[in-house]
Amino acid sequence: MGRAHRTCSDAVTPPVIHVAAALAVDDRGRALMVRKHGTTMFMQPGGKIEPGEHPLDALRRELGEELGLDLPTASFTWVGTFEEDAANEPGHVVRAEVYSVTVDGASPVAAAEIAECRWVDVADPGDIDLAPLSREALLPILVARTGG
């Protein structure tokens, strides 16, 4: 009888957290950033996509629950899919389906799991602690768009 053969790999694939995120700006070009309760890092608003849920539907749901925003589907533009280390779940990767949208600067109000929301200059967000996805991928997109 033959021996069972099993291959091993040195590389371990980290678990993926699939989210939808908004590259939300106001009419001044500032980016909307949020911080969850019990965390220090700011990130783009959004959240986890439920099984069977379309990413844009998930994003619109999360923006309503967490910031009181009810934005029409037509106001969003697909940006792309991005992956980076997760901000608040060590050893995980976040895969974000990202949409851009312009929001009235006075509209968002932190609710549910969001402790704080703030508008930041995309080229100089200040001394806030940024999530890896925001720092490495999403804010640079906005900087490139504004030529900053």
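**Exercise 1.** Is Tyr99 buried, partly exposed or exposed, judged by its relative accessible area?

*Solution.* The structure is a predicted model, in which local features need pLDDT of at least 70, side-chain atom pairs count only at pLDDT 80 or more, and totals for chains, interfaces and linings use all residues. Residues are numbered from 1 along each chain as its sequence is written, and side-chain values use heavy atoms, with hydrogens and water left out. Buried means under 20% relative accessible area, exposed means over 50%, and partly exposed lies in between, with a 1.4 Å probe and protein chains only. Tyr99 has a relative accessible area of 7%, so Tyr99 is buried.

**Exercise 2.** Describe the aromatic pair that Trp78 and Tyr99 form.

*Solution.* Rings of Phe, Tyr and Trp (its six-membered ring) pair if their centres lie within 6.5 Å; planes under 30 degrees apart count as stacked, over 60 as edge-to-face and the rest as tilted. By this rule there is one aromatic pair. For Trp78 and Tyr99, the centres are 5.1 Å apart with 70° between the planes, which is edge-to-face. Trp78, for its part, is partly exposed, with a relative accessible area of 44%.

**Exercise 3.** Which backbone oxygen does the side chain of Arg35 reach?

*Solution.* A polar contact is a pair of N or O atoms within 3.5 Å; within protein, one must be able to donate a hydrogen and the other to accept it, and residues adjacent in sequence count only if both atoms are side-chain atoms. The side chain of Arg35 reaches the backbone oxygen of Thr39 at 3.0 Å. Arg35 is itself buried, at a relative accessible area of 18%.
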